[in-house]
Amino acid sequence: MTDPKSHWGKAYTDDDITVYYDAGRCIHFAACVRGLPQVFNPKAKPWIRADAAPAEQIAGVVRRCPTGALHYELKNGPAESPEPTSVEARENGPLFLRGDLTIAAPDSATPGGEVKDTRAALCRCGGSSNKPFCDGTHRNGFQAEGGQKLNTA
C-alpha cells in the first residue's frame, strides 16, 4: 500500500493550508465551486487559490467533495478524520462512500493498487475509464434508482 497523500494530486499551497486536487477523480459535482467560489474558480489560473479564504473555511468546503478529488493538509491543525461509514447510491450516478475506506484498485487507477481515503465516488454504470472510481461517464444516459443511504454506520 502506498502513502495516502501519494494519490491526492496537484498541490496548491498557502501559509496555512495545502489543497490537493486529483483531476482523475473529479466528476464536477461542484460542491467546492458553490461553497467558496473565490477559492475554487474553474475559469481562473490557477483554479484553486489557497490564499483566498481562511484555512479552516477551505478545509470545510474540501470535506464536502464527495469524490475524494480534493484533500487538504493544515499547517497547524488536525488532519481530516473519517466520518462514520456510509454508502449513498446517487440517482443515475455513482456510489458515494464516506468513512475510513480502503479501496482495491488496479495499478492503472492508483500506483500500488490500494487507496486509503475518507471519501470516494465509485462507478455504478460500468463505463468509467478510471474504475473503480467514477469519471462522470454515467451522464451518457445511465439510469438507476438512488437517493438512499446504504450500510450507514
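Arg119 and Glu80 are both buried, where buried means under 20% relative accessible area, exposed means over 50%, and partly exposed covers what lies in between (1.4 Å probe, protein chains only). The two form a salt bridge, with their closest N and O atoms 3.0 Å apart; the term stands for a side-chain nitrogen of Lys or Arg within 4 Å of a carboxyl oxygen of Asp or Glu. Arg119 sits in strand E6 and Glu80 in the loop between E3 and strand E4 (86-89), so the pair ties together parts that are 39 residues apart in sequence. Those labels are DSSP runs numbered from the N terminus: helices (H or I) need at least four residues and strands (E) at least two.

A word on what you're looking at: this is a predicted model, where local features need pLDDT of at least 70 and side-chain atom pairs count only at pLDDT 80 or more, while totals for chains, interfaces and linings use all residues. Residues are numbered from 1 along each chain as its sequence is written, and side-chain values use heavy atoms, with hydrogens and water left out.

Back to the charges. Side chains of opposite charge can pair when their charged atoms come close. The count of salt bridges comes to six. Another one joins Arg25 to Asp117, with the closest N and O atoms 2.9 Å apart. Here Arg25 is in the loop between E2 and helix H1 (31-35) and Asp117 is in strand E6 (residues 114-122), 92 residues apart. Both of these residues are buried too. Then there's Lys116 with Asp100, whose closest N and O atoms are 3.7 Å apart. That pair links Lys116 in strand E6 to Asp100 in strand E5 (residues 95-104), 16 residues apart. Lys116 is partly exposed, at 26% relative accessible area, and Asp100 counts as exposed at 54%.

Now follow Asp117 to His71. The side chains of these two residues make a polar contact of 2.6 Å, meaning a pair of N or O atoms within 3.5 Å; within protein, one must be able to donate a hydrogen and the other to accept it, and residues adjacent in sequence count only if both atoms are side-chain atoms. A polar atom of the His71 side chain also lies 3.2 Å from the backbone oxygen of Gly68. Setting aside neighbours within four places in sequence, His71 is in contact with residues including Trp8, Tyr20, Glu80 and Arg119, where contact means heavy atoms within 4.5 Å.

His71 belongs to strand E3, and four of the five residues in E3 are buried. E3 runs antiparallel to E2, joined to it by five bridges; strands pair if DSSP finds at least two bridges between them.

Leaving aside neighbours within four places in sequence, Ile58 touches Ile17, Val19, Leu36, Val39, Phe40, Ala50 and Ala53.
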